[in-house]
Amino acid sequence: MAYPNFHLRCLICGRSYSPSELAYVCPEHGREGILDVVYDYEALRRQISREQLGRSQEFSIWRYRAMLPIPPDAPLPPLQIGWTPLYPAPRLAAELGLRHLWVKDDGRNPTASFKDRASALAVIKAREQGAAVITTASTGNAAAALSGICASVGQANVIFVPQSAPPAKIAQLLAFGATVLLVQGTYDEAFDLCLQVADHYGWYNRNTGYNPYMSEGKKTASYEICEQLKWETPDVILVSVGDGCIIGGLHKGLKDLLALGWIERMPRLLGVQAAGSNYLAEAWARGEDVLSKPPIQAHTIADSISAGLPRDRLKAMAAVRETDGAFITVSDEEILAAIPALARGCGVLAEPAGAAAYSGLVKAAAAGLVTANDRVVVLNTGSGLKDVANVMKGVEKVGTRPQHIPPHLSALHPLFA
Ligand SMILES: *Cc1c(COP(=O)(O)O)cnc(C)c1O
Ligand SMILES: [Zn+2]
């Protein structure tokens, strides 16, 4: 099939563009004019099938290469991204009165978050354009993913993160050799600055909710979930939401699968937001227009989902509305408590934003939004080792403390009768 096998379409005006015409947003609509990548599904169906995929020995996102907007001969970064495990979680399911629950652990990606899926595409697209530098703003994980994948291919990159980002994420950036700019401000401010800088210096711009290809990398998680479930579609997928790119990407992947006839119905997407960063949940509950709704002040310990103006809000709202889903909010206290609950219930250690998705499931089950026979997938988007300080707060919150003992057998007797 001839490349490019896709075009770009503005989510606001529906105008179509060839990918050679523009790189990011619809010129008519500026920053808000986010583009969707549109494929010729007829042609795709002729090129690839579920059976062919089933024989693939490629256990990474490149398994789905034919369904991604990249040149067929593009060199792929060597890090192993995606095809993360989907674990059955029967004990957690039983606690919640459910019968079918899985946890997909995207903390298992090379830089320990879901963002590797998107950053991989950014590196390929930047190299396709011959860009000297790639840049992004990030709460931490998108940047760590970008700098890690850049390091794997020797690509220069400049990163804008709020100086409040967790130390592990900043350490990753520095170790990978990125040029790290710690912005004395919020993620939202870092984002605005990065857009200006990218434009000024002509750097390749990976920013979420601006670069149309990030959703395409993220959609691979939906492909994996459905294939790992042997194409028996789940009923509900829960994921935490900050900018809304992940939930939008999951939706896109599911729409692809539906159009290809590989799944027979659309799962409901439940987006989980922190109560202190609830722009989308509020807009959804009140029926507000996200193009006119002003930014909020975001405050949450779950740094990865702290976004005052979710940059991919159009895609995120469509993901929930078009799948008959919902937005759920959880407090920071609930998020912290969910870290040990998830870890103990299935062995997956999540950072706060990852645990938020599980916290949302607890609420959704209590509210009857998911019921016993639903086949439910919870996505952990980042490893708990990204934010050890908050993992410690979580375990202290549920009253777990280590015991200090002298190095003698007798010291054990009071503890174990
Ligand atoms: C980025 C991120 C999210 C949220 O993704 P959005 O696309 O911003 O909604 C959730 N969890 C983790 C760990 C992340 O890094
Ligand atoms: Zn437009």
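Predicted model: local features only at pLDDT ≥ 70, side-chain atom pairs only at ≥ 80, totals over all residues.
Trainee: Okay, and the helix itself? Which residues of α11 are buried?

Mentor: Start with a bit of helix geometry. An α-helix has 3.6 residues a turn, so residues three or four places apart point the same way. Now the case here: α11 covers residues 279–286, and its buried residues are Tyr279, Leu280, Ala281, Glu282 and Ala283.

Trainee: What do those buried residues pack against?

Mentor: Three elements: β11 (268–274), α12 (313–322) and β12 (326–330).

Trainee: Back to positive phi. Which residue other than glycine has a phi near 45°?

Mentor: That's Trp83. You'll find Trp83 in the loop between α2 (50–54) and β4 (86–88). Its relative accessible area is 22%, so Trp83 counts as partly exposed.

Trainee: And Ala112, what is its phi, and is it buried or exposed?

Mentor: Phi of Ala112 is near 75°, again a positive value in a residue other than glycine. Ala112 sits in the loop between β5 (100–105) and α4 (116–128). The cut-off for buried is under 20%, so Ala112, at 18% relative accessibility, counts as buried.

Trainee: While we're on the backbone, which peptide bond is cis?

Mentor: Look at the omega angle for that. The bond from Tyr3 to Pro4 has omega near 0°, and it is cis. Pro4 belongs to the segment before β1.

Trainee: Now the metal. Which protein atoms are the donors of the zinc ion (ligand 2)?

Mentor: For a metal site, go through the donor atoms, then the angles, then the spacing along the chain. The donors here are Cys10 (SG), Cys13 (SG), Cys26 (SG) and His29 (ND1), at 2.2 to 2.4 Å from the zinc ion (ligand 2). The angles among the four donor atoms are 103 to 116°, and the site is tetrahedral. Along the chain, the donors follow the spacing C-x2-C-x12-C-x2-H.

Trainee: Where in the chain are Cys13 and His29?

Mentor: This pair links distant parts of the chain, 16 residues apart. Cys13 is in the loop between β1 (6–10) and β2 (16–17), while His29 is in the loop between β2 and β3 (35–39). Cys13 is partly exposed, at 33% relative accessible area, and His29 is partly exposed too, at 28%.

Trainee: Next, helix packing. At what angle do α9 and α10 pack?

Mentor: To read a helix pair, check the angle, the distance between axes and the handedness. Helix α9 (residues 220–228) and helix α10 (residues 245–260) pack at about 55°, with their axes 7 Å apart. That angle makes α9 oblique to α10. The crossing is right-handed.

Trainee: Which residues meet there?

Mentor: From α9, Ala221, Ser222, Tyr223 and Cys226; from α10, Leu250, Gly253, Leu254, Asp256 and Leu257.

Trainee: One last stop. Where is Leu229, and is it buried or exposed?

Mentor: Leu229 is in the loop between α9 and β10 (236–240). With a relative accessible area of 7%, Leu229 is buried.

Trainee: Which residues is Leu229 in contact with, leaving aside its neighbours within four places in sequence?

Mentor: Leu86, Trp102, Pro234, Arg375 and Val377. Take Trp102 as an example: Leu229 and Trp102 are 127 residues apart along the chain, yet their C-alpha atoms are separated by 9.7 Å.

Methods:
Residues numbered from 1 in each chain as written. Chains lettered and ligands numbered in written order. Heavy atoms only, no water. Donors = N, O, S within 2.8 Å, 3.2 Å for Na, K, Ca; no water. Tetrahedral: all angles 85-135°; square planar, octahedral: opposite > 155°, others 65-115°. Helix = DSSP H or I, 4+ residues; strand = E, 2+ residues; numbered from the N terminus. Buried < 20%, exposed > 50% of the residue type's maximum accessible area, 1.4 Å probe, protein only. Axes fitted to C-alpha atoms, helices over the stretch in contact; angles between N-to-C directions. Parallel < 35°, antiparallel > 145°, perpendicular 65-115°, else oblique. Left-handed = near helix turned anticlockwise from the far one by under 90°. Contact = heavy atoms within 4.5 Å.
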